[in-house]
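Open the model in your viewer and keep the selection tool at hand. The tour below goes stop by stop.

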Amino acid sequence: MYKLNQDETPLFNALMEYVNRNTIPFHVPGHKKGQGADEEFKKFMGENPFKIDVTVFKLVDSLHHPTGPIKKAQELASDAYGAKASFFSIHGTSGAIEAMILSVVSDNDKILIPRNVHKSVTGGIILSGAVPVYMQPELDKKIGIAHGVTPETVENTLKENPDAKAVLIINPTYYGTATDIKKIAEIVHRYNIPLIVDEAHGPHLGFNDRLPMSSIDAGADMCAQSTHKIIGALTQCSLLHVCSDRIDMNKVQQTLNILQTTSPSYILMASLDCARRQIALHGKELLDYTIDLCNYARDEINKIPGFYCFGAEVLNNKGVISYDPTKVTITCRDLGITGYDLDMMLADEYHIQMELSDLYNVLIVGTFGDKKEDIEYLLSVLKKISAKYYGTGDKKSDFIDIPPIPEQILIPRKAFYGNKYSVPIEDSVGMISGEFLMAYPPGIPVLCPGEKITIEIVKYIQKLKSIGLYVQGTEDPRVENIKVVQNN
């Protein structure tokens, strides 16, 4: 299956060699193996993390110009995932996504993106000066979330924009639903342009056939994965995979060198090295355990009055060809409470912290670090909450259809750097937005920087606020004013 010995951890081994040499450190960081660290912090952390918190030198290699153990560790990652080349990102998938975008588009190049992208995508577009062409994902009014963009939407948008230089897709969504990424790759490649994928929530997909298809297996040209989200790397650790000759690997490396610190954390990189070994050698059985546990939780929650967790029935929706069972979305709208209410109850009263909450839902991210007894405790708590609220309040209504995507007057870069001033939202019709404006659910921007504000958008926002729905994105926390771009 693998060409290389996935039991190896070359970077971690190099760090262990450094430790075992009892090297005297006349280099940064200043804590010198923890000898100069704050005592209370060191007592909590233990001494070992400080011993491998080193700087760039020959034994441990350089992330910016890898020739030794980091180079070998990245080669092992590309072998494990089936990529042409893999790069460590120690500033998360946000930085990896920005690097992806900067590697394929520049000033005034068009790039097709879903409307519900992570803010790092917009950051990459602002940095590159590219022109986003938005594609509307499919909406699920029952759950109150956005699913994927369909292949038909991608194809129609490309027909309307044949000069596009790249397409970006999310696979899977935060909530675990996945579109037909393989068909999308085939469509995009007919235009001889790259498909790049925000696969932040899919670093585990290629290691168990009970999960959605990974973008690498589907034929994507490049993808960014949050190795810290589902599998065992530390926070900030991600991988950027290059999978085809449509991508200039040298440009990717140079772009990462611009974006990433010249003092990368060797603790983080070592955790990436070891997490890759773990998922490569033991991924199937670890993920089987996780999937079984999450399916058990899903089935039991669905027996509790007022709660609902979607499963295979979600495949009947447009924009969904498969779903990741390790993501458990708990919908509480039938209890007459919001997902935010449920989130706070669980955290403050029962010390259970969920991954996220929105108007209708809270989300569990299941991993092989979860325990059966923790799921049982959650189930007991949800039963208590159900007994308290079921049948006592009005069910939450479906979210309101969002207005059409408005006209883009300025590219995001010009709007971001333009002169802006604040006006009341009701007075902003016809002006150019300098900010985002989003409604939850479904978490899709109503406005992006550079777009023309319409009367439909203003009325929509006013209606959402009047019925207590969550609106955010403006500097004004009450969303009464919005910054607009001064028209010179």
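Where is the place of T150? Select T150: T150 sits in the loop between strand 5 (145–146) and helix 7 (151–160). Helices (H or I, at least four residues) and strands (E, at least two) are DSSP runs, numbered from the N terminus.

Before moving on, note that this is a predicted model: local features need pLDDT of at least 70, side-chain atom pairs count only at pLDDT 80 or more, and totals for chains, interfaces and linings use all residues. Residues are numbered from 1 along each chain as its sequence is written, and side-chain values use heavy atoms, leaving out hydrogens and water.

**Stop 1: around T150**

Is T150 buried or exposed? T150 is buried, because its relative accessible area is 6%. Buried means under 20% relative accessible area, exposed over 50%, and partly exposed in between (1.4 Å probe, protein chains only). Now show side chains. Those of T150 and T153 make a polar contact (2.9 Å). Such a contact is a pair of N or O atoms within 3.5 Å; within protein, one must be able to donate a hydrogen and the other to accept it, and residues adjacent in sequence count only if both atoms are side-chain atoms. Beyond four places in sequence, T150 is in contact (heavy atoms within 4.5 Å) with E138, T179, I184, K318 and G319.

**Stop 2: helix 8**

Select residues 181–189, which make up helix 8. Its buried residues are I181, I184, A185, I187, V188 and H189. Their cover includes helix 7, strand 6 (166–170), strand 8 (195–198) and helix 9 (215–218).

**Stop 3: the cores**

Select V154, L158, V167, I169 and L195. In the largest nonpolar core, of 56 residues, these touch the most other members. Helix 11 (residues 266–301) gives this core its largest share, 10 residues. A nonpolar core is a set of buried Ala, Val, Leu, Ile, Met, Phe, Trp, Tyr and Cys residues joined through side-chain atoms within 4.5 Å. A second, separate core has 28 residues, including V105, A224, L240 and V252.

Go back to L158. Not counting residues up to four places away in sequence, L158 touches L112, A164, V167, I187, V188, Y191 and I193.

**Stop 4: Q254**

Q254 lies in helix 10 (residues 249–259). Q254 counts as partly exposed, because its relative accessibility is 46%. Q254 and S103 are 151 residues apart in sequence, and 9.1 Å apart in space, C-alpha to C-alpha.

**Stop 5: F41**

Finish with F41, in helix 2 (residues 39–45). F41 counts as partly exposed, because its relative accessibility is 45%.
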